[in-house]
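Thanks, everyone. I'll take a few minutes on one model, so please have the sequence and the coordinates up.

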Amino acid sequence: MNGWWRRGDAIVAEFSQQEAAILRGLVGQLREMLTARADEAPQDELAELTGIRTGHTTAPDERVLRRLLPDFHRPPEGEELSAADADSAAALRSLHEPEVVDLKTGVAGVVLATCPPDGGKIRLNDEQASAWLAALNDVRLALGTVLEVTDDMPEELPEDDPRQPHLSVYHWLTVVQDTLVHGLTI
């Protein structure tokens, strides 16, 4: 992948088979995690009666999902949630998490539908490109969480660090996302 370019009304790039496999694998895993979270949501009788979908009232235990589905309400740093604030946070999560999961799985679906499994040329309209940006952001957040990426982390880790190959993928995803932003703004 040498970057994204504007070609008329399309954003175009070419991915190798390996690049497509990596991207599709990461996006697919993320979509599976989010779908499993949604499928595990408790059933609410009032929601069934009103047709309003509700979700979990507590944050995910898994740290990648916690990063992708943060609390909707947090106290100022150093303070604890009051009981009323905790109730508000639970209600907000229950009401809004299903929509956030739908949006995240939807953009992942766009990537999987438009990125050929064997690699090759990809042509996106602006809406699809925006979906790609959102999905790439989610994958980078997830991978960054697993790798424990920090602002002061070096560009390369020692060869014996088990995170080194994955950090290279993280940096590659950064380039894919950056060039896509550039392609959209030209």
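The largest nonpolar core in this predicted model has 41 residues, and the members touching the most others are Trp4, Phe15, Leu23, Trp132, Leu173 and Leu180. Two or more residues each come from strands E2 (10–15) and E3 (120–124), and from helices H1 (17–39), H3 (63–68), H4 (83–114), H5 (126–147) and H6 (164–185). H5 gives the largest share, ten residues.

Take Trp132. Leaving out residues up to four places away in sequence, Trp132 touches Trp4, Phe15, Leu23, Val110, Val111, Thr114, Cys115, Ile122, Leu124 and Leu180.

Now the helix pair. How do H5 and H6 run relative to each other? Their axes come within 10 Å and cross at roughly 155°. Angles over 145 degrees count as roughly antiparallel, so H5 and H6 are roughly antiparallel to each other. The crossing of H5 past H6 is left-handed.

On the H5 side, the contact is made by Asp126, Ala129, Trp132, Leu133, Leu136, Asn137, Val139, Arg140, Leu143, Gly144 and Leu147. H6 brings residues including His166, Tyr170, Leu173, Gln177, Leu180 and Leu184. By type, the residues of this contact are 15 nonpolar, five polar and two charged.

Is Ala89 buried or exposed? The cut-off for buried is under 20% relative accessible area; Ala89 has 11% relative accessibility, so Ala89 counts as buried.

Terms used: Residues numbered from 1 in each chain as written. Predicted model: local features only at pLDDT ≥ 70, side-chain atom pairs only at ≥ 80, totals over all residues. Heavy atoms only, no water. Core = buried A, V, L, I, M, F, W, Y, C linked by side-chain atoms within 4.5 Å. Buried < 20%, exposed > 50% of the residue type's maximum accessible area, 1.4 Å probe, protein only. Helix = DSSP H or I, 4+ residues; strand = E, 2+ residues; numbered from the N terminus. Contact = heavy atoms within 4.5 Å. Axes fitted to C-alpha atoms, helices over the stretch in contact; angles between N-to-C directions. Parallel < 35°, antiparallel > 145°, perpendicular 65-115°, else oblique. Left-handed = near helix turned anticlockwise from the far one by under 90°. Nonpolar A, V, L, I, M, F, W, Y, C, P; charged D, E, K, R; others polar.
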